[in-house]
Amino acid sequence: PFMGICVGMQLMATWGREYEDTGGLDWVAGEVTRITPSDPSLKVPHMGWNQVRQGRHPLWEGIAPDSRFYFVHSYYAAPSREPDCAASANYGGPFCCALARENLFAVQFHPEKSGKNGLRLLRNFLDTSLFWGDEMLRLMVLWLTLAGGLAASRMDKHISIEVLDRFLPRKLQLPTRVLIDLFTAFICALF
């Protein structure tokens with residue numbers, strides 16, 4: 001199972017068009033294109049809460065239709081095949097904001113910044129994935145997901161603490177926070 005967040009969704013596409021043509025992982029046929037709102041008053045990057053129209057997928061279980069999630073992006077992955085789009089949003093025009101194919105899932109928004117709906121989406125991913133019998137693997141994937149989200153959002157730690165408290169056993173919370181802080185500081189220092 002794989003869950004991509006923000007740029008993780010974009011990496012799944014065949015091509016990226018940010019600055020130059022760049023090959024993606026080609027897990028889902030399509031390309032990454034810049035948001036071009038039809039309303040000139042809408043700013044790019046698209047930053048803030050937006051309504052998400054979910055398709056049929058187990059990861060949306062327990063999340064009300066048309067719930068709001070938090071976005072920070074200028075580009076999005078547009079799949080070549082309509083069934084690969086698991087949700088859409090509208091920002092001066094509709095765009096795909098979630099991809100799903102087999103055991104691959106990705107969202108353009110930030111679930112780690114999206115309150116209870118984002119936490120539910122992460123919980124659904126962890127609960128519905130195929131091989132979570134191995135607790136260490138589950139914790140490692142959760143850590144990588146959080147670390148990527150934290151690095152992308154420049155250390156909004158309050159969200160990571162809330163997620164850690166919900167998903168990790170108490171004895172692993174402090175060591176995991178320390179590892180995430182070190183990893184995030186390293187990633188942020190690179191940029």
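Modeller: Two strands pair if DSSP finds at least two bridges between them. The model discussed here is predicted.

Colleague: What makes β2 and β3 a pair?

Modeller: Two bridges join β2 (residues 15-16) to β3, and at least two are required, so the strands count as paired. They run antiparallel. Within β3, G23 is the bridge partner of W15.

Colleague: Why is one side of β3 (22-23) and of β8 (75-79) left without a neighbour in the sheet?

Modeller: The open sheet has four strands in the order β3-β2-β4-β8, with mixed pairing. Both β3 and β8 stand at the edges with a single partner strand each, so one side of each has no neighbour in the sheet.

Colleague: What makes a residue such as L121 part of the largest nonpolar core?

Modeller: Membership requires a buried residue of a listed type, Leu included, joined to others through side-chain atoms within 4.5 Å. L121 belongs to the core of 26 residues and, with W60, F105 and F109, is one of those with the most contacts inside it. Elements supplying at least two residues each include β1 (2-5), β10 (94-101) and α2 (115-128). Apart from this core lies another, of eleven residues, among them M9, M12, C96 and L99.

Colleague: How do you know which part of the protein chain has the lowest confidence?

Modeller: The chain averages a pLDDT of 80. Helix α4 (residues 157-167) is lowest, at a mean of 52, whereas β9 is highest, at 96. Over residues 155-161 the pLDDT is below 50, although this stretch has eleven contacts in the model beyond near neighbours in sequence. Where pLDDT is low, the predicted coordinates should not be read in detail.

Terms used:
Residues are numbered from 1 along each chain as its sequence is written. This is a predicted model: local features need pLDDT of at least 70, side-chain atom pairs count only at pLDDT 80 or more; totals for chains, interfaces and linings use all residues. Side-chain values use heavy atoms; hydrogens and water are left out. Buried means under 20% relative accessible area, exposed over 50%, partly exposed in between (1.4 Å probe, protein chains only). pLDDT is the predictor's confidence in each residue, from 0 to 100. Contact means heavy atoms within 4.5 Å.
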